[in-house]
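Hello,

Here is the structure I promised to pass on to you. Please have a look at it first, and then read my notes below.

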Amino acid sequence: MNPPLHLWLIPLIPLAGATINGLIGKKASRQGVSAVALLASGAAFAMALWVALRFSSLTVVPHIEIFAHWIRSGGFNVDFAFYLDQLSLVMLLVVTGVGFLIHIYSVGYMWEDAGYYRFFTYLNLFMFFMLTLVLANNYLMMFIGWEGVGLASYLLIGFWFTKDSAASAGKKAFIVNRIGDFGFLIALFLLIQHFGSLNFQRVFEAVRPLSAETGSAGWLTATGILLMVGAAGKSAQIPLYVWLPDAMEGPTPVSALIHAATMVTAGVYMVSRSHMIFERAPMALTVVAIIGTLTAFFAATIGIAQTDIKKVLAYSTVSQLGYMFMACGVGAFSAGIFHLMTHAFFKGLLFLAAGSVIHGVGGEQDMRKMGGLRSYMPWTFVTMGIATLAIAGIPPLAGFWSKDEILWKAYSSSQGSWVFWLIGVITALITSFYMFRLMYMTFAGDYRGADEHELVVVGHAHGHDAHGLPHESPAVMLVPLIILAVLSLVGGLVGIGNRFEHFLAPVFEQSASLSAAAETSNAIAETGGHGKEWLLMGVSISIAFLGWYLAYLLYSKKPELPQKIADALGGLYATVVHKYYIDELYAAVFIKPLIDGSTRILWQGVDRKIIDAAVNDTADGARNVSDEVRHMQSGNLRSYAGWIAAGAAAVIAYMIWMWTKA
Amino acid sequence: MVPLSYYLALSGILFACGVAGFLIKRNIITIFLSIELMLNGVNLSFVAFAAHWHQLAGQIFVFFVMVVAAAESAVGLAIIIAVHRTRETLNVDQVNLLKL
């Protein structure tokens, strides 16, 4: 038996922090609020580290801790229970570690904001739900965390709710996520129908002996695709990715924590957690791979033409998440999780550095008004440069290892194909290009924002020096940047020699019937594969440098070129700038018919013409009758007497009539 | 022995006279007297039936009616005095403010 690890403390400490700050934070000082929030997230991180240290001494993995029964309904049981294996341990460390760093950063970033306590309440609440999600022992608890992080995301995107765009971005995120959640829920119902359980172990044990649905699509395939619908909502994949770029309306630390490092990777985690189901549904896996690959490519192309620094990073996030799904889709779940981890480091860092830039130039987000910031913000420049090298896939930084792993698996896996690899490599080129474009536009050349600087609309409530030149951010913001930069530098080294894969291997073990295919692909990899692996690695490295060179050429050496190219491309360029008009398409195809249908049929038709009409007509009828009848009440005593006499006479006449008839 | 139908006919005539007076006359006092006439028309039929069927219940009812009529005339006369004081008329056609 395993010694108790008190896993319940890890999510509950941030919940306690959120409760304290939410109840009394309004009256407390900023120092007090920061202390509570940092202690809560720091304690969760410390707990996670302690659990990680104790992990190797566990005799039984997965380690399960049951705290209470929740639902006991016939044979269907759900417990409040946590599930710790290698996969949830990795997620636990990433969420608490990156989360803690971003909490520290937020102290500096949000210091001037009027909603300081509210921000940290939401942030701690997010940590609680995210940790519930990754530690859950069954799909239902995972779903609680899943919905909870959606709520926290909504609250934080709409944090500056007085701004109309922020409020509607929050709504958009929530509603688009609901569509995905609907798929997730149906998948859960399917699992209950077929296994009578949502418990991970029981479901996986029940799935294990099933054979793969290779010939025709069965209900396993349906479950897999529905789970992917849920994942596509949460992890911003085609066709539900549209909410993530808008989510950049939230404060930048939120973009870093929720919309880059942790929450949006929940879909990847969920798909990986359900690998047992996906492995037996090759068609669902192919769907995952195709969606991932398309999203990676599609979002990257949009990223080329964005001018808002956070929007570039948002599309980059969508694109990188696409890589992770590509990995899952070819059955290389550990490569996906590896990229999830390194991505959390370098994308979290990129967002935090972008936040530092925005902070430094007084709230401006348009890269065309930046430039030359290298001399003003050396630390931000260096750390963001490291993150850019990492995401571009320059060895030996973190992104190189994970991205190369994914590309290699996309090519070599039995589920993979050279098409995935090719699109993946092209995407890598585009990634490298738009990231260095961002670097050159922001940090190189001369500062272009000086004159308009005073006119900048400070959407963020930090009204500090909205004048003067850009400046470096305070140490409390720089320290997390530096730590994340170190992680981006060395984080990929755990993947050397497939050590990361071996660590996760117990989670992603193949069942006997399926491992045969894996054996063959491994055999290919062993014999002719090594040379090919080096070749492909060389291709992806040179592609990364090519992207860098192109960005250098276009945005540093010949800054007039991009405009010329844009003019030459004409309509194509406009299409990319307008994000392929996807938002407009959705508005025309889904939103407008919905609003029109609701307005014309449900509101004007059903509500006003049927329901309101029924109520109003009843009232009108009663009033009209009364209007006529009330004239009988004339106040004239003798007319009343006359009515009484007439009535009595009528009753007597009736009785006599009845009597004579009988 | 006077047959029952005679009593009932007289009772009906008395009641009809009351109704007619109630409907035709405008003076409140007269209307009031008409009500008493109707009540006593009914009383007559009660006692006639009681005598005919040798049942005391009808006679008991008459006592009740008389008690109620006494109470009613006490209240009614008080209202008539109050009306006369405020409106200075006993014509019911001019006492018609209570209406919608």
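Let me start with a pair of helices: helix H3 and helix H10 of chain A cross in a left-handed way, meaning that the near helix is turned anticlockwise from the far one by less than a right angle (clockwise would be right-handed). Helices here are DSSP runs of H or I with at least four residues, strands are runs of E with at least two, and both are numbered from the N terminus.

Before going on, please note that this is a predicted model, in which local features need pLDDT of at least 70 and side-chain atom pairs count only at pLDDT 80 or more, while totals for chains, interfaces and linings use all residues. Residues are numbered from 1 along each chain as its sequence is written, and chains are lettered from A and ligands numbered from 1 in the order in which they are written.

Back to the pair. The axes of H3(A) and H10(A) (residues 252–261) come within 9 Å and cross at roughly 165°, so H3(A) is roughly antiparallel to H10(A). Axes are lines fitted to C-alpha atoms, for helices over the stretch in contact, with angles from 0 to 180 degrees between N-to-C directions. Angles under 35 degrees count as roughly parallel, over 145 as roughly antiparallel, 65 to 115 as roughly perpendicular and the rest as oblique.

Which residues of H3(A) meet H10(A)? They are A:Val98, A:Gly99, A:Ile102, A:Tyr105, A:Ser106 and A:Tyr109, and their partners in H10(A) are A:Thr252, A:Pro253, A:Ala256, A:Leu257 and A:Ala261. Contact means C-beta atoms, placed from the backbone, within 7 Å.

Another helix to look at is H20(A), residues 475–490. At 1.5 Å a residue (the expected span is 1.5 Å times one less than the number of residues), its 16 residues should span 22 Å, and the end C-alpha atoms are 22 Å apart, which agrees. Its buried residues pack against H3 (86–109), H15 (333–360), H17 (378–392) and H18 (398–412) of chain A. One of them is A:Ala485, which counts as buried because it has 25 C-beta neighbours inside 10 Å. The cut-offs are 20 or more other C-beta atoms within 10 Å for buried, 12 or fewer for exposed, and partly exposed in between, with C-beta atoms placed from the backbone. Leaving out residues up to four places away in sequence, A:Ala485 touches A:Leu349, A:Thr383, A:Ile386 and A:Ala387. A:Ile386 is 99 residues away along the chain, yet its C-alpha atom is 6.3 Å from that of A:Ala485.

As for chain A overall, 26 helices and two strands are found there, and 49% of its 662 residues count as buried. Its C-alpha trace spans about 120 × 70 × 55 Å along the principal axes.

Best wishes

Terms used. Two residues are in contact if their C-beta atoms, placed from the backbone, lie within 7 Å.
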